[in-house]
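Welcome! Please take a moment to look at the sequence and the model below before reading on.

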Amino acid sequence: MDSNDVSADLAHVLYTKEQIQDKIAELAVQIDRDYEGRDILVVGVLKGAVMVMADLARALHSHVNMDWMAVSSYGSGTTSSGVVRILKDLDTDLMGKHVLIVEDIIDSGLTLSWLKSNLISRGPASVEICTLLRKPEAAKVEIDVKYVGFDCPNEFVVGYGLDFSEKYRNLDFIGTLAPHVYQ
Ligand SMILES: O=P(O)(O)OC[C@H]1O[C@H](OP(=O)(O)OP(=O)(O)O)[C@H](O)[C@@H]1O
Ligand code: HPA
């Protein structure tokens, strides 16, 4: 094997490319049904949500506008503190819009909890959340999430937008890392 081959860094595959694509197609059917007759403003949270946004937006049949936010959560090490700073704000006025926040993962829930309240304060007609992954055992706050792809184990996961030190986002599947990567 090539020493630069990322597959050597992986411990387990949790969700294959096919499982992810099937799940996104399922979510798109639900979303199209729920938003029938209404335009959707999908808001992707950079950078992790890039892959989910790209695939979900293409799977939807509804009229969709796309916008992006970048936020940073401060905390010690890998722990989100819930104190969130906006690094890139939306270009769109949310007044009267049906907003669907699209995320790769809800871990502690602190980022999304803050973001949802922030967007609600801008006067949209509705704000819902769609996340590909959620870690139920890691939740620190309760948030109402309408669309969840997979409830996943409380392990650090990478791939399909999710990174470790900015690597592995480009994998088309989701997995866990081998211990040597962290050492
Ligand atoms: O539920 P929480 O514990 O708040 O964690 C979830 C957040 O963490 C990840 O983003 P990250 O800050 O790693 O940035 P990235 O999307 O650029 O990778 C993910 O995309 C969520 O935004
Ligand atoms: O498990 C994770 N992997 C990558 N990024 C993350 N951000 C929150 N949780 C995770």
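This is a predicted model: local features need pLDDT of at least 70, side-chain atom pairs count only at pLDDT 80 or more; totals for chains, interfaces and linings use all residues.

This report looks at one helix, its neighbours and a few backbone details.

Let us begin with helix H1, which covers residues 17-34 and has 18 residues. From its first C-alpha to its last, H1 reaches 26 Å, close to the 26 Å expected at 1.5 Å a residue.

Which residues of H1 are buried? They are Ile20, Ile24, Leu27, Ala28 and Ile31. Looking down the axis of H1, you would find these buried residues within an arc of 105°, so they line one face of the helix. The face of H1 turned away from the buried side carries exposed residues, namely Glu18, Ala25, Gln30 and Arg33.

What do the buried residues of H1 pack against? Their partners are helix H2 (50-59) and the strands S1 (10-15), S5 (98-106), S6 (126-134), S7 (147-151) and S9 (174-177).

**How H1 meets H2**

Two packed helices are described by the angle between their axes and the distance between the axes. The axes of H1 and H2 come within 9 Å and cross at roughly 50°. That makes H1 oblique to H2. The crossing in which H1 passes H2 is right-handed. On the H1 side, the residues that meet H2 are Gln21, Ile24, Ala25, Leu27 and Ala28. On the H2 side, they are Asp55, Leu56 and Ala59.

Leucine 27 is found in helix H1. Is leucine 27 buried or exposed? Leucine 27 has 23 other C-beta atoms within 10 Å, so it is buried. Leaving out residues up to four places away in sequence, leucine 27 touches Leu56, Cys130, Tyr147 and Gly149. Leucine 27 and leucine 132 are 105 residues apart in sequence, and their C-alpha atoms are 9.1 Å apart in space.

Arginine 33 is also found in helix H1. With 9 C-beta neighbours inside 10 Å, arginine 33 counts as exposed. Arginine 33 and aspartate 93 are 60 residues apart in sequence and 25 Å apart in space, C-alpha to C-alpha.

Here are the two pairs side by side.

| Pair | Apart in sequence | C-alpha to C-alpha |
|---|---|---|
| Leucine 27 and leucine 132 | 105 residues | 9.1 Å |
| Arginine 33 and aspartate 93 | 60 residues | 25 Å |

**Backbone details in the loops**

Most residues other than glycine have a negative phi, and most peptide bonds are trans. With that in mind, look at the following places.

The peptide bond from leucine 46 to lysine 47 is cis, with omega near -5°. Lysine 47 lies in the loop between strand S2 (40-46) and H2.

Now move to the loop between strand S8 (157-158) and S9, where serine 165 lies. Phi of serine 165 is near 50°, a positive value in a residue other than glycine. Serine 165 counts as exposed, with 8 C-beta neighbours inside 10 Å.

Tyrosine 168 has its place in the loop between S8 and S9. The phi of tyrosine 168 is near 75°, again a positive value in a residue other than glycine. Tyrosine 168 is buried, with 21 other C-beta atoms within 10 Å.

Methods
Residues are numbered from 1 along each chain as its sequence is written. Chains are lettered from A and ligands numbered from 1 in the order in which they are written. Helices (H or I, at least four residues) and strands (E, at least two) are DSSP runs, numbered from the N terminus. The expected span of a helix is 1.5 Å times one less than its number of residues. A residue is buried if 20 or more other C-beta atoms lie within 10 Å of its own, exposed if 12 or fewer, and partly exposed in between; C-beta atoms are placed from the backbone. The arc is that of the directions from the helix axis to the C-beta atoms. Two residues are in contact if their C-beta atoms, placed from the backbone, lie within 7 Å. Axes are lines fitted to C-alpha atoms, for helices over the stretch in contact, and angles run from 0 to 180 degrees between N-to-C directions. Angles under 35 degrees count as roughly parallel, over 145 as roughly antiparallel, 65 to 115 as roughly perpendicular and the rest as oblique. A crossing is left-handed if the near helix is turned anticlockwise from the far one by less than a right angle, and right-handed if clockwise.
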